[in-house]
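Please keep the sequence and the model in view while reading.

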Amino acid sequence: MLEKRYNPKDIEKKWYDFWLKNEYFRAEPKSEKPSYCIVIPPPNVTGSLHIGHALDITLQDVMIRWKRMSGFNTLWLPGTDHAGIATQNVVEKALQEKGVDRHELGREQFIEKVWEWKKLYGGRIINQLRSMGASCDWSRERFTLDEGLSKAVREVFVRLYEEGLIYRGDYIINWCPRCHTALSDLEVEHEEKKGNMWYINYKFAREAGYVTVATTRPETYLGDAAVAVNPRDKRYRGIIGKTLKLPVLNREIPVIADEFVDSSFGTGAVKVTPAHDPNDFEIAKRHGLPFINIMTGDGRMTEETGPYEGQDRFACRKNVLNDLEDLGHLEKTVDHDLAIGHCYRCKTVVEPYLSKQWFVKIRPLADEAVKAVRESRVKIIPSGWENSYFDWMENIRDWCISRQIWWGHRIPVWYCKSCEEVIVSRDTPSKCRCGSDNLRQDEDVLDTWFSSALWPFSTLGWPQDTDDLKTFYPTSVLITGFDILFFWVARMIMMGLKFMDKHPFDHVYIHALIRDEEGRKMSKSKGNVVDPLEMTDAYGTDAVRFTLAAYAAQGRDIKFSRKRVEGYRHFLNKIWNVARFISMNMQEGEEVMPVREAANLSLADKWMLSRLCGLSEDMNRSLEEYRFNDSASIIYQFMWHELCDWYIEMIKPVFYEGDRDAKNSSLSALVHVYEASIALLHPFMPFITEEIWQQLPGKKEVDSLCIRPYPTAEEGIEDSGAEEKMAVIMDAVSGIRSIRGELNIPPSLELRVLIRTLDSSDSILKENSAYVIKLARTKEIEIGRDIESPKNSATAVKPAMEIYVPLEGVIDIDAEISRLDKEFARTDKELMFIKKKLANEDFRSKAPKSVVKENQARYDDYKSVLEGIQENIDKLKSWGKQEE
């Protein structure tokens, strides 16, 4: 006998350990079964499970469990990312708390400390994934810095270098003065802020007059190499070629003409700072201008800035502006909105910075990746994301892959100190070809995303030609958030096509962003972050998983509500109670006959078995199309409403009062449909379904639900006639229930009902009136084609019938109208109060948005209630006139 209430804490670990012990998640390197593979987007080794991870994991696990049950050789390959900058920051902070600086330790010792940290804390995120029920093949767990992946990274780097697709050069990169490293464009987060535009006058060096330039970064004027104007700008044609003198420094710079200059920006004359702006960098290369670096790696001013040397960049800005104003060179300051770039890790304002870095020449790789999506070799779902993908790929810049940190894949390049030879090698060289062993390896490491870009094939054993690689590449689908579509997805497509000559996955499913209940982005500063582990602790993992799947509509952001999780916790109890109902109606050791041997199936039994056909088809189709929310809704509606609210209520009299044969037949149908429903639900709610399935009666072909064949239409017994008949019966019951609800008639009061039938509904209702009497709680029912509406009766109209409920002795119409009038007045008073509040501009402008929104929702609810009350009053008045 099952416990009275379902307790997730008692069973989740039990069944996860059972699945692991029996190796149900393990994939076969070689198999006759069709293969299905998902590589997990590797979470950072520093991370802990957040609600986005929980959504990712849930959707991937739904697909893997469904395909495993559908007879596929499934591999869900797990792992973690070494997360270069993030991990180094975490360990550095931990050392600093002990008064230790990484530079004091030195590179080798610091890296040892990081590995020690990884050993202690790196498994946290993996354990959290397991707690969510993730059915990964843990025997194949990978780490982006493990030996096999490191070999793959070196192989890719060397091949790209040998083909001229990796190069080293001076370039303007995004620089984080806090992390002391370069950042790719994608690693810079832009934030809109109110700022200023300063207008500075540059005087001519050898004549009177000046040129005014506008800038949002006045301190960078110290690195100016020219002022540029558009050659078609008539205002400045006469000054092209003349010389200007920089204030304070008195360095002379030319006025040049360049087509790039936007004449409508500022004054139409722009300062050119080649070492600190990517556009100015390109202008300088065209005109042979000098590159003057005015800033150090930690954001302080260099000796090139004269009196400002050593100052912090923001202190320098303040001092520069004071000096320009004192010297009469600051013409004006105006407000200007800015998009300020910040480091995605430490949130420091980044600087455009001239530096020698390693780059991937990306265009040849990007062109092939664009073609793969255009030709539908890779299908992005929802398809709306394809345009974003194309826009980014077609405007892509070379990828800066070097990072000035210690934790990561060290760049496999060595420099000979004797002859300055550059050695790029798969293996660590012992000496240069000049014979010298005086070699120095490049200090930089590769961008974390470089190794992640190889994830779909490096984790399967590449560059070796392994069985896993042959069986599971290309993988089937990548499920991820849109925030890493360019960071990771696009780069995996590029690298997969380049090194495997095949796309890395057939489908990319992009799920939406999870926001709070009010639609705001979650952040610690707002205090609106949802902890999925707290949710699973409170409601059970299955309830959280089902909620996330039910929310996952394609192309729509998710407004996460705790109440929705509570609602699905009730769903767990509902399906648990079905299992208890079955066990309470069976003797210990009693067998259940196979449903196809049952001889006395009732209409309700036949209807349920037929509905199982359509249910199974709908579930398989919606999962095939990644309509997770539809799948969740389909199984929820079936189990809660059709199975529990209708079918079980219809067969209860058979269980309690019917003959033995009828009971056995209905028990057989119930167990068959319920067991299949539990199997259909399993990918979404693995724990409760396994617990129930293990305790259901009947012979089982396998030892676990997770490997039971996923139900198809063949598991049901199609009977369209039974479904048509049940539709008529359900219409009759629903019509009577709606009258009862509208008139506030207590459920305990049995009603007299007359039904005027049309077409075939007459014989259907007469033959099955017992169902209507039981479910609608009627004491007397008349059915016929010639029935007329009695006076003083309530009416419900359905497609094949009109339903009449005589009200005499049931309710006092005048008293009910009076009650509803009072309820109308009370509700209207509440409505007017809220309406007045919402009309108050002071309230709307000063109250928190959430409060205004809540009041608007209450207003809409009251308005809807009023309309319903008025509709019922009008109906009662019309029925009262019948009496007259």
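The sections below go from the chain as a whole to selected elements and one residue.

## Basis of the model

The model is predicted; local features require pLDDT of at least 70 and side-chain atom pairs count only at pLDDT 80 or more, whereas totals for chains, interfaces and linings use all residues. Residues are numbered from 1 along each chain as its sequence is written, and side-chain values use heavy atoms, with hydrogens and water left out.

## The chain as a whole

The chain contains 28 helices and 29 strands. These are DSSP runs numbered from the N terminus, helices being H or I with at least four residues and strands E with at least two. Along its principal axes, the C-alpha trace spans about 110 × 70 × 55 Å.

Of the 884 residues, 54% count as buried (under 20% relative accessible area with a 1.4 Å probe, protein chains only; exposed is over 50%, and partly exposed lies in between). Among contacts (heavy atoms within 4.5 Å) with a separation of 6 or more, 77% link residues 24 or more positions apart.

An open sheet of mixed pairing is formed by four strands in the order β27-β26-β29-β28. Strands β27 (778-784) and β28 (793-798) are at the edges with a single partner strand each, so one side of each has no neighbour in the sheet. The twist from one strand to the next averages 20°.

Strands β26 (residues 751-757) and β29 (residues 801-806) run antiparallel and are joined by four bridges; two strands pair if DSSP finds at least two bridges between them. Arg756 has Glu802 of β29 as its bridge partner. Helix α23 (residues 720-742) lies across β26, β27, β28 and β29, at about 35° to β29. Such angles run from 0 to 180 degrees between N-to-C directions, and axes are lines fitted to C-alpha atoms, for helices over the stretch in contact.

## Strands β9 and β12

Strand β9 (residues 226-229) pairs with β12 in the antiparallel sense over four bridges, and Ala228 stands opposite Val270 in β12. From β12 (residues 269-272), Ala269 and Lys271 point one way while Val270 and Val272 point the other way; all are buried.

## Helix packing

In helix α22 (residues 686-695), eight of the ten residues are buried, including Phe687, Ile688, Glu690, Glu691 and Trp693. The elements covering these buried residues include α1 (8-21), α2 (51-69), α6, α17 (541-551), α18 (562-584) and α21 (660-681).

The axes of α16 (residues 532-539) and α18 come within 10 Å and cross at roughly 35°. Glu534, Met535, Ala538 and Tyr539 of α16 meet Arg562, Val565, Glu566, Arg569 and Leu572 of α18. By class, the contact has five nonpolar, no polar and four charged residues; Ala, Val, Leu, Ile, Met, Phe, Trp, Tyr, Cys and Pro count as nonpolar, Asp, Glu, Lys and Arg as charged, and the others, Gly among them, as polar.

## The setting of Asp137

Asp137 lies in the loop between α6 (124-131) and β4 (142-143) and is buried, with a relative accessible area of 2%. Its side chain makes a polar contact with the side chain of Arg140 (2.4 Å). A polar contact is a pair of N or O atoms within 3.5 Å; within protein, one must be able to donate a hydrogen and the other to accept it, and residues adjacent in sequence count only if both atoms are side-chain atoms.

Leaving aside neighbours within four places in sequence, Asp137 is in contact with Phe25, Arg26, Ala27, Leu75, Trp76 and Pro78.
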